[in-house]
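Trainee: Could you take me closely through one ligand site in this entry, and tell me what surrounds the ligand and which contacts are made there?

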Amino acid sequence: EAVLRLSGLEKVYNKGLQSEVAVLKGAELTLAPGEIVALVAPSGAGKSTLLHIAGLLDTPDAGEVEIGGVAMAGLGDRRRTIARRRDVGFVYQFHHLLPEFTALENIVLPQLAAGTSRRDAEARAHELLDQVGIAARADHRPSAMSGGEQQRVAFCRALANAPRLLLADEPTGNLDPETSDQVFRTLTDLVRGTGLAALIATHNLDLAARMDRIVRLEAGLVTAST
Ligand code: ADP
Ligand code: ADP
């Protein structure tokens, strides 16, 4: 069963205005469990729009989002929010960690929000930090960590509630090439250890080439690339 199925997605911004722009024009994409897929497109092509729709942060004008075989259009707002928190992890170009909290707390908080006990949440956070090689940073605030370390914490936070789907928007875009490479390897190891599906938008063609599959977003459609 597909983790994510996007069918016939359409999205127009500023409808009826002179600035109207049709960003998605029937985009289709299916992700199988365990797949890591690169989404490559020039800036402005609609990558963020596609990721936000796939991650239930935005709704399409037409088309369907299914996560784990469940059609999201049929759910009310409350159940969509629950589905987003439970099923989807996000990573951004900038880490967006809470500055006043430690690495550990940043990974614990979304778990508490999902109803996990503090004890279990802390155990899970320590385990994730260990997996990404920064167990020693648990009690550091983001400002006391390097860019690569901050982004590793952001991965741990995204995976804290064991989502089915990871969506990443230029997750290494803010890092130097060497750090970017190491952090990317950490991310793929984490993902491969869990069997979740990941869609990773990137401009970095070297990184894209190391994923299972590359798709492009062109003229509002998702096209395969070999
Ligand atoms: P990408 O992530 O590939 O750079 P985006 O999805 O951010 O692309 O944007 C695609 C196009 O839609 C761009 O032309 C952008 O200016 C426009 N756009 C994005 N969000 C909005 C919005 N909220 N209102 C109007 N136009 C938008
Ligand atoms: P809400 O409080 O609106 O229900 P959450 O705080 O639970 O949303 O956020 C769920 C996920 O969506 C988090 O990973 C968060 O980083 C991300 N998120 C929330 N709002 C936005 C937004 N406007 N743009 C991008 N990501 C967002």
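Mentor: A residue is taken as near a molecule when one of its heavy atoms lies within 4 Å of that molecule. By that criterion, ligand 2 is surrounded by His52, Leu57, Thr81, Arg84, Arg85, Phe90 and Tyr92. This is a predicted model, in which local features need pLDDT of at least 70 and side-chain atom pairs count only at pLDDT 80 or more, while totals for chains, interfaces and linings use all residues. Residues are numbered from 1 along each chain as its sequence is written, chains are lettered from A and ligands numbered from 1 in the order in which they are written, and side-chain values use heavy atoms, with hydrogens and water left out.

Helix H2, which spans residues 77-87, gives the most to this shell, with three residues; helices here are DSSP runs of H or I with at least four residues, numbered from the N terminus. By class, the shell holds three nonpolar, two polar and two charged residues, where Ala, Val, Leu, Ile, Met, Phe, Trp, Tyr, Cys and Pro count as nonpolar, Asp, Glu, Lys and Arg as charged, and the others, Gly among them, as polar.

As for polar contacts (pairs of N or O atoms within 3.5 Å), a polar side-chain atom of Arg84 lies 2.8 Å from an oxygen atom of ligand 2, and a side-chain N or O atom of Arg85 is likewise 2.8 Å from an oxygen atom of the ligand. Tyr92 places a polar side-chain atom 2.3 Å from a nitrogen atom of ligand 2. Of the 550 Å² of accessible area that ligand 2 has on its own, the protein covers 44%, with areas computed by the Shrake-Rupley method and a 1.4 Å probe.

Conventions:
A polar contact is a pair of N or O atoms within 3.5 Å; within protein, one must be able to donate a hydrogen and the other to accept it, and residues adjacent in sequence count only if both atoms are side-chain atoms. Helices (H or I, at least four residues) and strands (E, at least two) are DSSP runs, numbered from the N terminus.
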